[in-house]
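Subject: Structure handover

Hello,

Here is the structure I promised to pass on. Please open it and keep it beside this email as you read.

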Amino acid sequence: MSDSWKLTLPCTRAEAEALGAIDDLGLDPPPVLMTTEEVEDDAERWRLDAYFEEKPSAAALKAVRALVPSAAAITAKPERIADADWVTMSQISLPPVHAARFFVHTAAFADAVPAGVRAYRIEASRAFGTGHHETTTGCLMMLDAMARRGTRVDSLIDLGTGTGLLAFAALHLWPRAFATATDIDPVSIDVSAENAAVNGVPTGLSRGRVALGVADGVASPLVIERAPYDLVIANILAAPLIEMAGDFAAIAAPGAQIVLAGLLTRQAEAVATAYRRQGCRVAERLVLGDWTILRLRKRPDFRLRGATGRGLRDAERW
């Protein structure tokens, strides 16, 4: 890995939160943007760190600076970072997250685990889902609330699992379930397998274990053969959630619960509408910051007329 570069600028909380809605800066390769609260509960004291794979051009620096107008008067130059996994380095000091009965931490906080929680050690990595983003935290809270209400789950799937965290948490809540976790990125599945070993989560195809596999949506024999699911979890992005609404609903059993995340609150209604057309109604909404987590129920009497065709050959079987 060659040397990388970092540009650090002060910013406000509003500017930091707005970064979540930016899909493309028009830069190739794009920088990795990390924001940090410098002073607790001070909306004006945040920091933006932009990491570049190579020395940034003047145009690249201008594009990043445009993201934080409050720093227009600040003189800052990019600094060279010696050969290192800087994505991991930028996250290594992340504080632990306590969400419902779960405690998610890195090795640096292994001694800080409180009593009475299920702790997961999830190191910073290239896979999304360390628990620090509102969407992952919100999913943990939603799943915990479902279990406390007595929701029964015999078969579950986490689509786009990232680090495996949500699948692990769901299996903890429903320890006798058949659990499946997939991701389109093979690196994420490798990371999930490592995290399962570190956290004592059993893997495999039998009940009480997590089956891990690479899959593009539902286009996988692993996904189809283990369907239908009582619980479908997808913490990805609004666009693919809408695109694959038919597929996700098709693998859900009648009356199943579907937990969707990765969508900004302004995108929630569009996502909900796509799933209503597939016989799913919104049962609960959880809003954290600019993000919304949706819990839907599939109508027991709804019969799908087909899916998007991305590998689900027998959508009407259930």
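Below are the findings, grouped by topic.

The model is predicted, so local features need pLDDT of at least 70 and side-chain atom pairs count only at pLDDT 80 or more, while totals for chains, interfaces and linings use all residues. Residues are numbered from 1 along each chain as its sequence is written, and side-chain values use heavy atoms, with hydrogens and water left out.

**Aromatic rings**

Start with the ring pairs. Rings of Phe, Tyr and Trp (its six-membered ring) pair if their centres lie within 6.5 Å. Planes under 30 degrees apart count as stacked, over 60 as edge-to-face and the rest as tilted. By this rule there are two aromatic pairs.

F102 is in strand β6 (residues 102–105) and Y120 is in strand β7 (residues 118–121). The pair links distant parts of the chain, 18 residues apart. Helices (H or I, at least four residues) and strands (E, at least two) are DSSP runs, numbered from the N terminus. Both F102 and Y120 are buried. Buried means under 20% relative accessible area, exposed means over 50%, and partly exposed is in between (1.4 Å probe, protein chains only).

The other pair is Y120 with F168. Here the ring centres are 6.3 Å apart and the planes are at 35 degrees, so this pair is tilted. Y120 lies in strand β7 and F168 in helix α5 (residues 165–173), so the pair ties together parts that are 48 residues apart in sequence. F168 is buried, as is Y120. Together, F102, Y120 and F168 form one aromatic cluster.

How many of the nine residues of α5 are buried? Eight are, so the helix is largely enclosed by the rest of the structure. The buried ones are L165, L166, A167, F168, A169, A170, L171 and L173.

Now look at helix α4 (residues 134–148). This helix has 15 residues and reaches 21 Å from its first C-alpha to its last. That is close to the 21 Å expected at 1.5 Å a residue. The expected span is 1.5 Å times one less than the number of residues. Buried residues in α4 include T135, G138, L140, L143 and M146. Just after α4, G150 takes a positive phi of about 90 degrees.

**Backbone features to check**

Most residues other than glycine have a negative phi, and most peptide bonds are trans.

- The peptide bond from D28 to P29 is cis, with omega near 0 degrees. P29 is in the loop between α1 (13–18) and β2 (32–37).
- The peptide bond from A227 to P228 is also cis, with omega near 0 degrees. P228 is in the loop between α7 (221–226) and β11 (229–235).
- A100 is not a glycine, yet its phi is positive, near 55 degrees. A100 is in the loop between β5 (97–99) and β6. A100 is partly exposed, at 35% relative accessibility.

**Salt bridges**

A salt bridge is a side-chain nitrogen of Lys or Arg within 4 Å of a carboxyl oxygen of Asp or Glu. How many does a search of the whole structure find? The count is nine.

R121 and E123 form one of them, at 2.7 Å from N to O. R121 is partly exposed, at 36% relative accessibility. E123 is partly exposed too, with a relative accessible area of 23%.

D154 and R152 form another, at 3.1 Å from N to O. Is R152 buried or exposed? At 66% relative accessibility, R152 counts as exposed. D154 has 29% and counts as partly exposed.

R295 and E284 also meet in a salt bridge, at 2.9 Å from N to O. R295 lies in strand β14 (residues 291–298) and E284 in strand β13 (residues 280–288), so this pair ties together parts that are 11 residues apart in sequence. R295 is buried, at 10% relative accessibility. E284 is partly exposed, at 23%.

Last, R101, D144 and R148 are linked in a network of salt bridges. D144 is one of the buried residues of α4.

Best wishes
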